[in-house]
Amino acid sequence: MKKLKLLLNGLLKENPVLVLVLGTCPTLAISTQASNAIGMGLAATVVLLGSNIAISALRNIIPDKVRIPCYIVLIAGFVTVVQMLVKAFAPALNESLGIFLPLIVVNCIILGRAEMFANKNTVLDSALDGIGMGLGFTLTLFVMATIREILGSGTWLGMEIPVLIDNNISIMTLAPGGFFVFGCMIALVNKLSKGKAINKTEFGCMGCPSAAACGKLKQADCGKESEA
Amino acid sequence: MEDLIHLDFKGLVVLLMSAVFVNNYVLQKFLGICPFLGVSKKLDQATGMSIAVIFVMLLATAVTWPIQYYLLDPNDLGYMQTIVFILVIAALVQLVEIILKKYIPSLHSALGVYLPLITTNCAVLGVTILNISTKYDFVSSMVNSLGSGLGFFLAMVLFSGVRSRMEGGETPEAFKGLPITLVAASIVSVSFFGFAGVIENLFK
């Protein structure tokens, strides 16, 4: 039961994109086509699963002081593996994801989960958390891409939507549409949960996944800034 | 190395201008959204962060470009790009911070806060990888990085102005905080479409 809860946590209650507000860059950039969204989501899930397992298995070996660089190397390793697999077996996906495939390295969801969850929990729990968070990311990307693709290009997963294909709002697939749909989705989550879901209404240093490791936070005004 | 893109002076100016206005990293390419949303609340912070980003982008490009072409490519290690670049950038940022702290403490106190945040900023890793994948030569890469950094600066400064105006406004309950910021970003992003035709026709 507890294990199931861990798995489902990432899907809804702690959805990485809509509630924790992590990994905004790929969410905005890739969500123009539903098929790309699935590809990106699954690639990130594989990296997240691998890095969560590796980091939690090594959590007693990695010294605390150099943990962030170690995590980055581990994550970059998994990203390279995924990159090579995608290039070999899904070259079309590689083309459409472009720069955002190697940029999974700096996706805050992955470093964030390593720092918030994997370095404190057992291998099995971390694996479940990784799958849950990854699927939560995929699901959000997919929903957002569905909205943008149907409204913006009048297609969905290769199918043509009868009326909309001739009356598409092409700005939805461009950058402004991304920001707008993302803003509206977070507002919807806010509304449905009556403001409880997003406990960090202000997006600042304190919400950064590397906040705990960031020594600057204590001396700098950026920490206070976001609390105020 | 022969198939790299070489640009003359005019080409470089166009590249710089379009990197700032048309292919704006934040508003059109969605790179570096976290600092864009997080640090754009006050003008002085937005400026400090952007200057640090420009600096690190230039430095990172100056280091990663030779690594790619003189170290990775000749040894057939192109697939190591992601790992090597992120490590080089992380080490570089750390090094810059130590040097600044020792020799220019005044600059360190102004920019130092933002340096650790830049390590995991996807705009910096993004620009270095894009310079390689679009096959720019060294000079064009540096110009592209400068343009991208300036574009980041422009977006940050513009957006911090928008946000300070927004503070007094009455926002619907559900939209308070991040959602309204994103909607505002969407409108700022629309304004950048206006530049697309300008740059293309200016240097015909």
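## Where the chains meet

In this predicted model, 43 residues of chain A are in contact with 36 residues of chain B. Several helices of chain A each supply at least two residues to the side that touches chain B: α2 (24-30), α4 (67-89), α6 (108-118), α8 and α10 (221-227). Helix α8(A) gives the most, with eleven residues.

The side of chain A that touches chain B is made up of 29 nonpolar, ten polar and four charged residues.

## Helices α7 and α8 of chain A

Helix α8 of chain A (residues 175-192) also packs against helix α7 of chain A (residues 123-153). Their axes lie 10 Å apart, at an angle of about 130 degrees. The pair is therefore oblique. The crossing of α7(A) past α8(A) is right-handed.

From α7(A) come Met144(A), Ile147(A), Arg148(A) and Gly152(A). They meet Gly177(A), Gly178(A), Val181(A), Phe182(A) and Met185(A) of α8(A). By class, this contact has five nonpolar, three polar and one charged residues.

## The largest nonpolar core

The largest nonpolar core has 105 residues. Those with the most contacts inside it come from chain A and chain B. In chain A they are Val47(A), Ile75(A), Ile104(A) and Val105(A). In chain B they are Val53(B), Val124(B) and Leu125(B). Helix α3 of chain A (residues 34-57) gives the most to this core, with ten residues. In soluble globular proteins, nonpolar side chains tend to be buried together.

What does Val53(B) touch? Leaving aside residues up to four places away in sequence, Val53(B) touches Ile118(B), Asn121(B), Ala123(B), Val124(B), Gly149(B) and Phe152(B). One of these, Val124(B), is also among the residues with the most contacts inside the core.

Definitions and conventions: Residues numbered from 1 in each chain as written. Chains lettered and ligands numbered in written order. Predicted model: local features only at pLDDT ≥ 70, side-chain atom pairs only at ≥ 80, totals over all residues. Axes fitted to C-alpha atoms, helices over the stretch in contact; angles between N-to-C directions. Helix = DSSP H or I, 4+ residues; strand = E, 2+ residues; numbered from the N terminus. Parallel < 35°, antiparallel > 145°, perpendicular 65-115°, else oblique. Left-handed = near helix turned anticlockwise from the far one by under 90°. Contact = placed C-beta atoms within 7 Å. Nonpolar A, V, L, I, M, F, W, Y, C, P; charged D, E, K, R; others polar. Core = buried A, V, L, I, M, F, W, Y, C linked by C-beta atoms within 7 Å. Buried ≥ 20, exposed ≤ 12 C-beta atoms within 10 Å, placed from the backbone.
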